[in-house]
Amino acid sequence: RGALRSASGATLLQAPHPPVAPRTMDVEADEVDGGGGGGRGRFDSERMDMDGGPRGRDEEPGDRRDDGRGRPRDNRPREDRESITIDKDDAAFVLGRGGATKKKIARVCGAQIDLSETDSRIDVTGTPLQRRRALDYLGFVIQQRTGAVRVDVEEARDDLTVVQVPGDCVAFVMGRGGQTLRTIEEEWRTLMFFAKLKGPGRVEESEQLMIFGELRARRGAELKVMSAVEHKKPGHFVVRGEDGAPTLSLCPRAPGDKEPEGSDWDIDTIPLSNEDFSYALGSQGSTRRKLATASGCVLEYVGMLACIAGERAPAASTCAPRGPRHRAAAPRHRTRARTRPGPR
């Protein structure tokens, strides 16, 4: 086509080019459909979502759960920030040596904890459940600085296990400067301290051990403490059953301290002889840790009982390594742990 020109011959306006027909991009058929034909095919633009992600053949554009803008919808609980102000002495106590106490609380509750020492302000960021637990744990730690900690166990909590430790075994469980208790906390990622229970009609009793954390972590720390108590005071947690076989006697559970509904979480016990115990323990517990890692269960020795905690695996695959919640298959002579009767 021609162009509009001036009298001097200069071009003033170039005529538009004719429209170019859109081209289709040829790609390998197995690159588009993921499959098996070796020929070539056309690119199917209708199978691509607005955000570039592939859809199934029978899926409509509005079938995917998104936020209305083509982006996947985030169904996770919203994380907000909550701030509290404490005394300077409490702030230093919460921080701990090298920030160890603050990191421990954050690790157990799952929230992010920021401590400003200049204005003694604590910022807690996380979901509502994480923030609530973080504030509870911070309150318990602050109580330790001034005296005995008191915990209301009448309120059902799914993050608390209570262990009754005899008075003559408290120092042994604590260790020098609390080092033994701190080691158990580090191993099982829990928060542990001795406290007095409070509630309607409850009288002041001896301090009992509080274990805060997830179910698997609490059960592992509980068995570790029971092992220490049984070593110091034989016969306290391992008793003889009606058939004369040794049985693990658990402390009464606090309200809310129970296994998830629909799960078969339990504790199996296997009695060991002196020769078997030494072999199953290994040098400095190396064999025990190896067995626990291979099976994916919680494995501790309380007295002469091998205590195996977790969910039972399907019978068809009991020899395979398990996930973090499965317990190993036990011989036929195993027994189940039982809870002691009576008030806490």
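Leaving aside residues up to four places away in sequence, I122 touches E82, S83, I84, I86, V94, I113, D114, L115 and L138. Touching here is a contact, with heavy atoms within 4.5 Å. This is a predicted model: local features need pLDDT of at least 70, side-chain atom pairs count only at pLDDT 80 or more, and totals for chains, interfaces and linings use all residues. Residues are numbered from 1 along each chain as its sequence is written, and side-chain values use heavy atoms, with hydrogens and water left out.

I122 belongs to the largest nonpolar core, which has 31 residues. I122, Y137, V151, F193, M210 and F212 have the most contacts inside this core. Helix α4 (residues 128–146) gives the core its largest share, six residues. A nonpolar core is a set of buried Ala, Val, Leu, Ile, Met, Phe, Trp, Tyr and Cys residues joined through side-chain atoms within 4.5 Å. Buried means under 20% relative accessible area, exposed over 50%, and partly exposed in between, with a 1.4 Å probe and protein chains only. Another core lies apart from the largest one. It has 29 residues, among them V165, L215, V238 and C307. In soluble globular proteins, nonpolar side chains tend to be buried together.

Next, the rings. The whole structure holds five aromatic pairs. Rings of Phe, Tyr and Trp (its six-membered ring) pair if their centres lie within 6.5 Å; planes under 30 degrees apart count as stacked, over 60 as edge-to-face and the rest as tilted. F140 and F193 make a tilted pair, at 5.7 Å centre to centre and 50° between the planes. F140 sits in helix α4 and F193 in strand β10 (residues 191–198), so the pair ties together parts 53 residues apart in sequence. Both residues, F140 and F193, are buried. Ring pairs also link Y137, F140, F193 and F212 into a cluster.

Now the strands. Strand β6 (residues 112–116) pairs with strand β7 (residues 121–126) in the antiparallel sense, over five bridges. Two strands pair if DSSP finds at least two bridges between them. S116 stands opposite R121 in β7. The β6–β7 hairpin has four residues between the strands, and S120 takes a positive phi near 55°.

Finally, the whole chain. The protein has nine helices and 19 strands. These are DSSP runs, numbered from the N terminus: helices are H or I of at least four residues, strands E of at least two. Of its 344 residues, 38% count as buried. Among contacts between residues at least 6 apart in sequence, 61% join residues at least 24 apart.
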